[in-house]
Amino acid sequence: MTENSGIEDIMDWLPDFENSDTQETVVEHPEAEKLFQNFRSAFLQIDAAGGVVKRDGRLLFIYRNGKWDLPKGKIDKGESVKTAALREVEEECGITNHSIVKALPSTYHIYQSPYKKTLGQWVFKETYWFEMEYNGSETPIPQKEEGITEVRWFLPNELGEVLENTYENLKALIELYRF
């Protein structure tokens, strides 16, 4: 097996995938972890962090760009993942007095950069997630400049509404909290 075995095929395939109606795909390989690391290294790396915020049995979601999402954002240079997660929840939801309870599984996705400096480059984004507890009394305020139009608390039995209109890579994470 070569160092980039399979990567060239995947990178050649990406434009076709992007222009198709296919929503997801599965890639199998005898050395999956090695392929994953090689695949990841072929992209511009961006790390993000965010939170699944709980209060009184409810979970906090944001409505951004027509979909339910969890508050998250890019990790600033020199910032720890935990600090970034706490900061992003505060910025996007307008709350303080939240704290990390435990780490959750990361999610991954790829996209082409819409930003001038890296326009068109393929990006591999890992988002580090943390379960958080909120003990404050503030009413959440959406960060409008980030395209967030609503911040809402959901009971676990109401998560069907979220799951019907969220990103595929978040569904397994959200399912951890559904009754």
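Analyst: What follows covers the salt bridges and then a few surface and loop residues.

This is a predicted model, in which local features need pLDDT of at least 70 and side-chain atom pairs count only at pLDDT 80 or more, while totals for chains, interfaces and linings use all residues. Residues are numbered from 1 along each chain as its sequence is written, and side-chain values use heavy atoms, with hydrogens and water left out.

Side chains of opposite charge can pair when their charged atoms come close. A salt bridge here is a side-chain nitrogen of Lys or Arg within 4 Å of a carboxyl oxygen of Asp or Glu. By this rule the count comes to 14 salt bridges.

One of them joins Glu92 to Arg64, with the closest N and O atoms 3.0 Å apart. This pair links distant parts of the chain, since Glu92 is in helix 3 (residues 81-93) and Arg64 is in strand 2 (residues 58-64), 28 residues apart. Helices (H or I, at least four residues) and strands (E, at least two) are DSSP runs, numbered from the N terminus. Glu92 is buried at a relative accessible area of 2%, and Arg64 counts as buried at 10%. Buried means under 20% relative accessible area, exposed over 50%, and partly exposed in between (1.4 Å probe, protein chains only).

Asp76 and Arg87 also meet through their side chains in a salt bridge, at 3.5 Å from N to O. The pair again links distant parts of the chain: Asp76 belongs to the loop between strand 4 (72-74) and helix 3, Arg87 to helix 3, and they are eleven residues apart. Asp76 is partly exposed at 41% relative accessibility, whereas Arg87 is buried at 18%. Both residues are part of a network of salt bridges that links Asp76, Glu79, Arg87, Glu88 and Glu91.

A further salt bridge is formed by the side chains of Glu175 and Arg178, at 3.3 Å from N to O. Here Glu175 is partly exposed, with 39% relative accessibility, and Arg178 is partly exposed as well, with 37%.

Other acidic residues form a surface patch. Glu8, Asp9, Asp12 and Asp16 gather there as a patch of negative charge. Patches are made of residues with over 30% relative accessible area and no salt bridge, like charges being joined within 9 Å and nonpolar side chains (Val, Leu, Ile, Met, Phe, Trp, Tyr) within 5 Å. Accessible areas come from the Shrake-Rupley method with a 1.4 Å probe, and for residues only the protein chains shown count as cover. Lys and Arg count as positive and Asp and Glu as negative, while His and the chain ends are not counted. The place of a charge is taken as NZ of Lys, CZ of Arg, CG of Asp or CD of Glu. Glu8 lies in helix 1 (residues 7-18) and is partly exposed at 45%.

Most residues other than glycine have a negative phi. Asp56, although not a glycine, has a positive phi of about 50°. Asp56 is in the loop between strand 1 and strand 2 and counts as exposed at 67% relative accessibility. Asn97, not a glycine either, has a positive phi of about 65°. Asn97 is placed in the loop between helix 3 and strand 5 and is exposed, with a relative accessible area of 53%.
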